[in-house]
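Keep the structure open while reading.

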Amino acid sequence: MKRQMLVLLAAALAMVLAACGGQQQQAPVGQPSAAGTEAPAAPADATEAPADPAVTEAPAEVPTAAPAPAGGEMAQPATGGRLQTIISRGTLICGANQVLPGFGNVDAAGEFSGFDVDFCRAVAAAIFDDPTKVEFRPLTAAERFTAVQTGEVDVLIRNTTHTLSRDGSVGLDFAPITFYDGQGMMVRIADGISTIEDMAGARVCVQTGTTTELNLADNFRARGLDFEAVVFQDADATFAAYDSGQCDGFTTDKSGLVSYQTKANDPTEHMILDVTMSKEPLGPSVLQGDAQWADAVTWIVFATFEAEELGITSANIDTFLASEEPTIRRFVGAEGELGQGIGLPNDFAARVIRHVGNYEEIYNRNLGPDTPFNLPRGQNALYTDGGLLYSPPFR
Ligand SMILES: N[C@@H](CCC(=O)N[C@@H](CS)C(=O)NCC(=O)O)C(=O)O
């Protein structure tokens, strides 16, 4: 009965989205945006996503008998939820970025790579014991929330800031923050700009459908400065306009600035101001109302933090499998049934670490000293190293 109601609600939601086009309004290219009026990321009606947990939370039911994949125990989701859909399909569909080297990028051969992309692979590894069982769905800033709302993607892992409105009216549930970021500003060194205060009357290139657009207006208004936002729907077009001299500044998350600087005609001509214009905590999100699926993604992320804290890596994970230490035994699934409680195999964390690595490995592979970005860990260090990453106990 509850499931029937859920199906009806989902169908009604899909019809509303289809009727509305499910898209943001096209921002006029090259026009200043009305200050502080970022189009809502979702059609107004989509904000009525079913939120009654009594209706939408999957009850803990008998595990289904889906065929076990080669390599181990099958995830045991409650029937009917997103996790069951993914297992039946045999692949995870991950909403990703395709234009942001270091975070989410696609090469000429169609191969995706990046920090966010590795978290997609971690989720696939936990479910299928195979990090390749993931289909990447490239999404622009404007497209991303509709893709979650309509169920086109199972999870969105694409430099997306956790905000109240996205958690609330847009209808998402966020997993833990994987990258603590903040908005920054890129300018040409030759222009002699060293602070935002030097930018009175500046033209700033910014992508619509982002927190960036709103923060830009807030920051300049708070300083009493005039500016002209030159708004684009497309990220590469936004940067190209700046790079070709149409704007005095280009603003986005600092991670995005570092990434885009590598794409500039001459990266050495640009600098990133020493200012943080906002908090941009980036993390994976799923459609609100499927508590089990949200829990699964949440604990897959935590597993990468916990492994780093425990010193468990992709290279040494197998030496930990026979550990006598209770904390380790629970983490690798040698003891207890922690995975089962969230619909995953008990060794889900070991799978993630074996195939994709712990947080430090994921970070260094994509953003660390051996990459063009060489981003210091900063707030993205473990709490034991003065950062903000902290996993609750695996018990
Ligand atoms: N974190 C911000 C900004 C994320 C964002 O979409 N940034 C742009 C500029 S770097 C981007 O990745 N665009 C890629 C695209 O739309 O294809 C948000 O969640 O709104």
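The text goes from the whole chain to the core, then to the ligand and one loop.

**Overall build**

This is a predicted model. The protein chain has 395 residues, and 50% of them count as buried. Its secondary structure comes to 14 helices and 15 strands. Take the contacts with a separation of 6 or more: 74% of them join residues 24 or more positions apart.

**The core and its helices**

The largest nonpolar core has 100 residues. C120, V123, V297, I300 and V352 have the most contacts inside it. Helix α10, residues 291-310, gives the most to this core, with 12 residues. Both domain 1 (74-180 + 282-385) and domain 2 (183-278) contribute residues, so the core lies between them.

Setting aside neighbours within four places in sequence, V352 is in contact with A122, A125, A126, I300, A303 and T304.

Helix α4 spans residues 115-128. How much of α4 is buried? The helix is mostly covered, with 14 of its 14 residues buried. Its length is close to the expected value: 20 Å from first C-alpha to last, against 20 Å at 1.5 Å a residue. Just after α4, D129 takes a positive phi of about 60°.

**The ligand shell**

Which residues come nearest to the ligand? Of the 18 residues around the ligand, they are T140, A141, T210, A235 and G256.

By class, the shell holds five nonpolar, 11 polar and two charged residues. Both domains take part: domain 1 (74-180 + 282-385) and domain 2 (183-278) each supply at least three residues.

**A loop glycine**

G336 is found in the loop between α12 (326-332) and α13 (348-355). Is G336 buried, exposed or partly exposed? G336 has 15 C-beta neighbours inside 10 Å, so it counts as partly exposed. A buried residue would need 20 or more, and an exposed one 12 or fewer. G336 and P326 are 10 residues apart in sequence, and their C-alpha atoms are 9.8 Å apart in space.

Key: Residues numbered from 1 in each chain as written. Predicted model: local features only at pLDDT ≥ 70, side-chain atom pairs only at ≥ 80, totals over all residues. Near = placed C-beta within 6 Å. Nonpolar A, V, L, I, M, F, W, Y, C, P; charged D, E, K, R; others polar. Domains from an automatic or database assignment. Helix = DSSP H or I, 4+ residues; strand = E, 2+ residues; numbered from the N terminus. Contact = placed C-beta atoms within 7 Å. Expected span 1.5 Å × (residues − 1). Core = buried A, V, L, I, M, F, W, Y, C linked by C-beta atoms within 7 Å.
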